[in-house]
Amino acid sequence: PPVAEPFPASTDYLAGASGRAEEDSYGADYLVDAPDRTDAPADSPSASSDLNLLIVEVVNAHLSGRQLMQYQVSGELRIVPTKSRSQPAEFRFRLKNSHRIEHIKVNDKIVKVSAGSYVVQLPALQQDRPLPLIKYMASSRWRPVPIYVEASVSSVASGEVSLKAVVEANPQLKTALQDVRVTAVPSGTISSCLVAPPGTWDGVEGCLRWRIPQLFSREPPAVCSAELKGGDDLDATILQQPFLVQFGCEGVTISGIELEVQMGSSGTNPISGLLRRFTSGDYKVSVG
């Protein structure tokens with residue numbers, strides 16, 4: 001596998017990269033239309049299998065329109081017990097598509113690298129909380145953007161503006177984005193705001209919020225709009241701060257990394273399934 005290092009005391013995953021968002025694409029090998037996808041390991045799990053593996057990735061990005069200004073994906077492989085375990089367990093796994101990730105850090109208290117595979121030796125677990133096995137960064141050569149927000153503001157009259165944001169999932173993403181939330185903080189003096197569903201106006205915090213339960217790439221984009229009225233300083237320049245975007249996606253990774261799980265030295269496989277998920281981190285979109 002790629003060179004692996006022990007977990008550091010702290011890891012900064014917030015570097016940036018620049019490029020055109022449109023040029024980045026998802027790998028066809030993991031674009032499956034399978035929300036809540038759970039794969040069985042390569043070796044069949046034993047009857048006592050009570051552990052899941054979870055790959056969770058966090059997407060940090062800054063876009064200006066569709067221009068990608070910053071982008072980074074951090075990931076973590078976790079062991080997720082379904083119950084406490086009184087007995088230790090051992091298994092092995094190999095990384096597939098390992099060229100898609102870099103800067104791998106291993107939890108060397110329970111993970112050893114041997115002959116191209118990772119050997120996990122779990123102690124007895126008194127609690128059913130997740131444990132990290134490895135951390136990594138997605139390679140900067142692949143920068144697929146899961147969601148776009150294209151906004152426009154037009155002056156209707158003095159002190160009155162119309163705002164519209166078109167929210168679109170990447171056409172290559174075959175799995176729905178879940179619980180998409182878009183937040184805008186308009187500037188200027190605002191006395192009233194009429195927000196079209198599914199949005200709300202928070203007059204105390206001065207922000208617009210829209211929530212889209214599911215966003216599919218194969219369906220028309222979601223349109224978020226609002227009509228704002230206020231002082232003379234309310235004009236087409238109200239969107240000086242970027243939109244903040246939150247989302248999640250179950251069943252796939254954004255890096256394309258996959259695992260092959262194998263039995264440990266005991267000849268049993270304690271892993272019952274492999275789960276995948278990616279979510280937004282610091283994800284913002286400025287008006288292009």
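These legends accompany close-up views of a predicted model. Local features need pLDDT of at least 70, side-chain atom pairs count only at pLDDT 80 or more, and totals for chains, interfaces and linings use all residues. Residues are numbered from 1 along each chain as its sequence is written, and side-chain values use heavy atoms, with hydrogens and water left out.

**View 1. An open sheet of 4 strands.** The strands follow the order β10-β11-β16-β13, with antiparallel pairing. Strands (E, at least two residues) are DSSP runs, numbered from the N terminus. Two of them pair if DSSP finds at least two bridges between them. β10 (147–157) and β13 (190–195) stand at the edges; each has a single partner strand, so one side of each lacks a neighbour in the sheet. On average, neighbouring strands here are turned by 20 degrees against each other, direction ignored. The axes behind this angle are lines fitted to C-alpha atoms.

**View 2. Strand β10 beside strand β11.** The two run antiparallel, and 10 bridges join them. β11 covers residues 160–169. Val 153 stands opposite Leu 163 in β11.

**View 3. Asn 60 in strand β3.** This strand spans residues 51–64. Asn 60 counts as buried at 13% relative accessibility. Buried means under 20% relative accessible area, exposed over 50%, and partly exposed in between (1.4 Å probe, protein chains only). A polar atom of the Asn 60 side chain lies 2.8 Å from the backbone nitrogen of Asp 282.

**View 4. A salt bridge between Glu 150 and Arg 66.** Such a bridge is a side-chain nitrogen of Lys or Arg within 4 Å of a carboxyl oxygen of Asp or Glu. The structure holds 10 of them. In this one, N and O are 2.9 Å apart. Glu 150 lies in strand β10 and Arg 66 in the loop between β3 and β4 (67–81), so the pair ties together parts 84 residues apart in sequence. Glu 150 is partly exposed at 40%, as is Arg 66 at 24%.

**View 5. Arg 277 and Glu 250 across two strands.** Their closest N and O atoms are 2.9 Å apart in a salt bridge. Arg 277 sits in β19 (residues 271–286) and Glu 250 in β17 (residues 243–250), so the pair links parts 27 residues apart in sequence. Arg 277 is partly exposed at 27%. Glu 250 is partly exposed at 28%. Elsewhere, salt bridges that share partners join Arg 66, Glu 150 and Glu 168 into one network.

**View 6. Arg 181 with Asp 179.** Their side chains meet in a salt bridge of 3.2 Å, N to O. Arg 181 is partly exposed at 35%, and Asp 179 is partly exposed at 29%.

Definitions and conventions. Axes are lines fitted to C-alpha atoms, for helices over the stretch in contact, and angles run from 0 to 180 degrees between N-to-C directions. A polar contact is a pair of N or O atoms within 3.5 Å; within protein, one must be able to donate a hydrogen and the other to accept it, and residues adjacent in sequence count only if both atoms are side-chain atoms.
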